[in-house]
Amino acid sequence: MDIFKITGPVRLEGEITVGGSKNSALPIIAASLLTAGKSTLRGIPNLSDIAVMCKLLEDMGCKTVADNGDIAIDATTIYKPIGDYEIVRKMRASICILGPLLARCGKVEVSMPGGCAIGYRPVDIHLRGLQELGAKIELRNGYICATANGGLKGANIFLGGAFGSSVLATANVLCAATLARGKTVIEYASCEPEITDLANCLVKMGAKITGIGSPQLIINGVKELKPVEHTVIPDRIEAGTFMAAAAITKGNLKIKNCRTDHLMAVINKLRSINIAVEETQDGCEVCSSGNIEPTDITTLPYPGFPTDLQAQFMAVLCLAKGNSIITEKIFPDRFMHVAELSRMAANLRKEGPHIIISGVEKLIAAPVMASDLRASAALVVAALAAHGETIVNRVYHIDRGYEKIEEKLNAVGAKIQRQSV
Ligand code: UD1
């Protein structure tokens, strides 16, 4: 198991380049199952989550070849439309094979995803949406077993849940509807850029979709889709993490391959806490004087502030000059990082889905435990500014979603050492 030894405080300065979006790549790789042929996906980050998704496809008979950011997927043969427990338990996003396989094969079995560190994560919206398209669904031996004898049929579907829209439920129902008979209207679709990217990719495959980017998606089913070549969008969460790293280190980072239009809520928040953000030709420049103003942040579905950047911005606000409050409205229990940041001398108090942050003069290095992907990114961000040597344990969580994060940050002034223990 690897650990990071991070020496701080440092000041980050220079150019840093964002990779392709993990959360776009995962449902788009799954969508390649909709067509019997060879697709090529580009800009795919080299991450353990991507490897898990490719393993899932190979396990059912597809061939995948990864080469320097490209993945060639031959989905000609699917001999068992099954997402096995042993693979699915490694990554919840495996659920996004459900819609594509149901539409292509008329049946699918996917292991029901289990619990996870960021709280209870049900899949009822996925199942409800697919049932409305005519699927029969039952739970057997821990597997979601869905069949669509006679094919799927278009329907008007309200896809909202208790916490708003669902990103991967939208992906599943959208993929399934592309091959359903007739017209499907999805109301309360997720508007996340990753869903827009998926929809654009499906259109290239021959799907008929309008309303892309809005909460109402209209899909006119087609008989078949064709293989595709598609480049995924840059990862807005990796970009936002680098912005937080610049902010907390009094840094000056030119962030390249960054879609600022996908990060409006984040850029707006940075400016309001006294961090300068200038747009550049292919990204932005983030400049911090170190005088961080306190603020309030509420996580919301896109275009609101993303839950996947909540932890990293909590780290930044630990050093603000005053009291801030963070409210988590997507995953109300997503606060595993609070105890770890407190070990680094942050002053945090939890009140239900709110964290009250009293800014401190400095953070102090400590051994800390990564608990999930974004929480561990927050610990890295905090460690860059903390005094002394922070040890981040269980770095494999970070490797799920950040490609070579230590190399990228070291190139702009961080002191991060990876060690196998
Ligand atoms: C995706 C992202 C994840 C991000 C999340 C919210 C991927 C691979 N993952 O996860 O990084 O944090 O969006 O932006 O893209 N819900 C239900 N029933 C369901 C499905 C969801 O109640 O059937 C709830 C969830 O518990 C949560 C909210 O809806 O409270 C939003 O979750 P959702 O958008 O589905 O998250 P994911 O798509 O799993």
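# Close-up views of sheet, ligand, pockets and turns

**View 1. C145 of β9 is the bridge partner of E109.** Welcome to a predicted model, in which residues count from 1 along each chain as its sequence is written, local features need pLDDT of at least 70, side-chain atom pairs count only at pLDDT 80 or more, and totals for chains, interfaces and linings use all residues. Side-chain values use heavy atoms, without hydrogens or water. C145 in β9 is also the bridge partner of E138. Strands β7 (residues 107-111) and β9 (residues 143-147) run antiparallel to each other and pair over five bridges. Strands here are DSSP runs of E with at least two residues, helices are runs of H or I with at least four, and both are numbered from the N terminus. Two strands count as paired when DSSP finds at least two bridges between them.

**View 2. An open sheet of four strands has the order β6-β7-β9-β8.** Its pairing is mixed. At the edges sit β6 (82-83) and β8 (136-140), each of which pairs on one side only. Strand β8 joins β9 through five bridges in the antiparallel sense. The hairpin made by β8 and β9 has two residues between the strands, and there N141 adopts a positive phi near 50°.

**View 3. The ligand is surrounded by 19 residues.** D124, I125, S166, D308 and I330 are the closest of these (a residue is near when one of its heavy atoms lies within 4 Å). In one, a polar side-chain atom of D124 is 2.7 Å from a nitrogen atom of the ligand. In another, a backbone N or O atom of V167 is 2.8 Å from a ligand oxygen atom. The side chain of R334 also takes part, with an N or O atom 3.4 Å from an oxygen atom of the ligand. On its own the ligand has 740 Å² of accessible area, and the protein covers 89% of it (Shrake-Rupley method, 1.4 Å probe).

**View 4. Helices α5 (124-132) and α6 (167-178) are the elements that give two or more residues to the shell around the ligand.** Helix α5 makes the largest contribution, with three residues. Sorted by class, the shell holds 10 nonpolar, five polar and four charged residues. Nonpolar means Ala, Val, Leu, Ile, Met, Phe, Trp, Tyr, Cys or Pro, charged means Asp, Glu, Lys or Arg, and the others, Gly among them, are polar.

**View 5. The second largest pocket has a volume of about 380 Å³.** A pocket is an open set of points on a 1 Å grid over the protein atoms alone, with protein on both sides within 12 Å along at least five of seven lines, and its lining residues have an atom within 4 Å of a point. Volume is the space filled by probe spheres set on the points, which are joined across faces, edges and corners. The lining of this pocket comprises 21 residues, and I248, K250, G290, L319 and E361 are the ones nearest its centre. Two or more of the lining residues come from each of α8 (236-248) and α12 (373-385). The lining of the second largest pocket comprises 11 nonpolar, five polar and five charged residues.

**View 6. Two cavities of 30 Å³ or more turn up in a search of the whole structure.** In a cavity, a 1.4 Å probe fits but cannot get out. The largest cavity holds about 50 Å³ of space. Its lining consists of G19, G20, K22, P45, L47, D235, E238, G401, Y402, E403 and K408, and these divide into three nonpolar, three polar and five charged residues. About 30 Å³ lies in the second largest cavity. Lining this second largest cavity are S21, N23, E194, D235, R236, I237 and R374. By class, they are one nonpolar, two polar and four charged.

View 7. Most residues other than glycine have a negative phi, and most peptide bonds are trans. P303 belongs to the loop between β18 (296-298) and α10 (310-317).

Notes: Polar contact = N/O pair within 3.5 Å; in protein donor to acceptor, adjacent residues only side chain to side chain.
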